[in-house]
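Good morning, colleagues. Please look at the sequence and the model on the screen, and I shall take you through the arrangement of the chain.

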Amino acid sequence: FEENLSVEEYNELIFAYCCSGNTEGAERVLTRLCDAGHLPNLRTWKNLANAHVSCGSTEVGESLLALLESEQTHGNGVSAVVLTLRQQLIRAYCIMGQTDKAMAVARKLASLGQHPSPLQAAILVNAFLSAADIRGSLMALREALSAGCRPRDDIYMLILKEWRARRLGWR
């Protein structure tokens, strides 16, 4: 490493490590960035959040979320990263079948006035449907609607198809 790198140059290195799935390398570059006297910016945090959650590392994502929430008072665009990370955790939990954790994060978003996107609502409803949990999918849909989110129209059809399959004994 050159010692006179700018924050953007460090971000490029972090991004490269993240793209290759090497989160440990990205964290080492983050340490070097801080040791060089720079403050991580929005892009730095987004790269790290994306890398950890994409690799299925929800524990690291949760730790990073806790760290970022404690840093929110310091600015640097951290609140935007906290929102992004929460949204990514919802997706990661759904993919891993941990719908209870996904709902907890979605409720936290709603309590802060941050509404899930229609795509996130669809992902959460689909996760419940994948777990054959019609009640959970309806609960997720209700919470999305009460938060002001208008889910995609196909969500209603997915729930109806699952309900019909159950009623006819196909599942």
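Residues are numbered from 1 along each chain as its sequence is written, and side-chain values use heavy atoms, with hydrogens and water left out.

The pLDDT, which is the predictor's confidence in each residue on a scale from 0 to 100, averages 76 for the protein, and 81% of the residues score at least 70. Where pLDDT is low, the predicted coordinates should not be read in detail.

The secondary structure consists of nine helices and zero strands. Here helices (H or I, at least four residues) and strands (E, at least two) are DSSP runs, numbered from the N terminus. Of the 171 residues, 39% are buried; buried means under 20% relative accessible area, exposed over 50%, and partly exposed in between, with a 1.4 Å probe and protein chains only. As for contacts (heavy atoms within 4.5 Å), 56% of those between residues at least 6 apart in sequence join residues at least 24 apart.

I turn now to the cores. A nonpolar core is a set of buried Ala, Val, Leu, Ile, Met, Phe, Trp, Tyr and Cys residues joined through side-chain atoms within 4.5 Å. The largest such core has 23 residues, of which I90, L124 and V125 touch the most other members. Helices α5 (78-95), α6 (99-111), α7, α8 and α9 each supply at least two residues of this core. Apart from it lies another core of 12 residues, including C18, L30, L33 and L48. Setting aside residues up to four places away in sequence, I90 touches A102, V105, A106 and L109.

Which residues of α9 are buried? They are I155, I159, E162 and A165. Seen down the axis of α9, the buried residues fall within an arc of 130°, so they line one face of the helix; the arc is that of the directions from the helix axis to the C-beta atoms. Their cover includes α7 (118-130) and α8 (134-146), while the face turned away from the buried side carries the exposed residues K161 and R167. The 15 residues of α9 (153-167) should span 21 Å at 1.5 Å a residue, and the end C-alpha atoms are 22 Å apart, which agrees; the expected span is 1.5 Å times one less than the number of residues. After α9 comes G169, whose phi is positive, near 80°.

Finally, some single residues. N11 is placed in helix α1 (residues 7-19), and is buried, with a relative accessible area of 0%. Apart from neighbours within four places in sequence, N11 is in contact with L33, N41, R43, T44 and N47. V82, in helix α5, counts as buried at 1% relative accessibility. L112, by contrast, is found in the loop between α6 and α7 and counts as partly exposed at 45% relative accessibility. The C-alpha atoms of L112 and L83 are separated by 9.9 Å, with the two residues 29 apart along the chain.
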